[in-house]
Amino acid sequence: MLWRKGILAVAAALAVSACGTATGGEAPVPAAVSAADLAKVTLKVGDQKGGVKSLLTAANLLQGTPYKIEWATFTSGPPLLEAASAGAIDTGRVGNTPPIFAAAAKAKIKVVSVSRSNVEREAVLVPPDSPLRDVASLKGRTIGVAKGSSAHGQLLNTLHRNGLSTQDVKLTFLQPAEAYAAFTQHTIDAWAIWDPYTAQAQIEAHARVLADGRGASNGLGFLAASTAALGDPGKNSALRDFAVRVVKAQKWADTHREEWAQAWAEETGLKLEVARKAVEAGRDLPIALDDSVVASEQQLADAFTDEKTLPGKVDFAAFADRRFGPDLDQARSNG
């Protein structure tokens, strides 16, 4: 298939080509390494709910990697980026908000590629018997959310759009599994969350959507990498190849939704109907890491700063590394 040929071509090019300086004033990009040196590299990849691993497996894009991959599973984006900053992993995919909190903490990470998903699947949920009927009725209520997650950003903007702030509600910071338990036990009034948990709560707990991400979320998700990995010639070459594979897999999944849902369910233990609901709604599609993406993230960062959730202003542009741009552009174009 054409996309397989493209992947092989990229992998072969890694062994012979060198790169220039990254766009936007980043540090010089390490020269590519030989095939023999790349074979010695182990890329440590963080994953959430089986997302990237099952996606690449379903698209048959884990075959023939010219380096080794070690996987680690995380409950959400913030702990994944903490691990990347500490050097415990090299890369992983997260939502739109974790990189902002990581930037505020001066984390040693960069975002290197970006995708956009269906924001209707980012939701503020309430139990089916809840008396709450609109966002305004959340005032004084307890809302579960993972701190620094994409749901945190969506919730912040949802409240703002309805004349409220996070000071008007009671936030309980919970990871998804904890929040699901609290939601079903009615110890929280609402839950801000993303797919596949949105689908799971709707199907298994008959959750009702009080508000979704339309107008409140940019729907962005990022592949992030540690600065240490980006500065290492072997891992930098592996990261370029891995980023291209993720783009190819995202495009494949959009046209093979049933296969993707089945692989996702098998990898994670999700019910197939949950995976299907999440996939059919429309998942991540790759886009360019351009100035509009940086500007959108900057607006979200500023909103957190204005609410004093973050200690100071974040310069998101300083955490965007576009060194893989040409390779990713080609992958998006060729499919």
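Contact here means heavy atoms within 4.5 Å. Helices (H or I, at least four residues) and strands (E, at least two) are DSSP runs, numbered from the N terminus. This is a predicted model, in which local features need pLDDT of at least 70 and side-chain atom pairs count only at pLDDT 80 or more, while totals for chains, interfaces and linings use all residues. Residues are numbered from 1 along each chain as its sequence is written, and side-chain values use heavy atoms, with hydrogens and water left out.

Start with helix α3 (residues 51-58) and helix α11 (residues 257-268). On the α3 side, G51, K53, S54, L55 and A58 meet E259, W260, A263, W264 and E267 of α11. Sorted by class, this contact has five nonpolar, two polar and three charged residues (Ala, Val, Leu, Ile, Met, Phe, Trp, Tyr, Cys and Pro count as nonpolar, Asp, Glu, Lys and Arg as charged, and the others, Gly among them, as polar).

How are two packed helices described? By the angle between their axes and the distance between the axes. The axes are lines fitted to C-alpha atoms, for helices over the stretch in contact, and angles run from 0 to 180 degrees between N-to-C directions. For α3 and α11 the angle is about 130 degrees, with the axes 9 Å apart. The two are therefore oblique to each other; angles under 35 degrees count as roughly parallel, over 145 as roughly antiparallel, 65 to 115 as roughly perpendicular and the rest as oblique.

Helix α3 also packs against α10 (233-255). Their axes come within 9 Å and cross at roughly 70 degrees, so α3 and α10 are roughly perpendicular to each other. V52, L55, L56 and A58 of α3 make this contact with F242, R245, V246, A249, Q250, W252 and A253 of α10. Nine of these residues are nonpolar, one is polar and one is charged.

Now follow α11 to helix α12 (residues 272-280). Here the axes come within 8 Å and cross at roughly 135 degrees, which makes α11 oblique to α12. From α11, R257, E258, W260, A261, Q262, W264 and A265 take part, and from α12, L272, A275, R276, A278, V279 and E280. This contact has eight nonpolar, one polar and four charged residues.

Which residues lie nearest the centre of the largest pocket? They are R93, W194, D195, R283 and D284, among 35 lining residues. The lining divides into 12 nonpolar, 15 polar and eight charged residues. Elements that each supply at least two lining residues include α3, α10 and α11.

Two backbone details remain. The peptide bond from D195 to P196 is cis, with omega near 10 degrees, and P196 sits in the loop between β8 (190-193) and α8 (197-204). H186, in the loop between α7 (176-184) and β8, has a positive phi of about 60 degrees although it is not a glycine.

Note on methods:
On a 1 Å grid over the protein atoms alone, a cavity is a set of points where a 1.4 Å probe fits but cannot get out, and a pocket is an open set with protein on both sides within 12 Å along at least five of seven lines; lining residues have an atom within 4 Å of a point.
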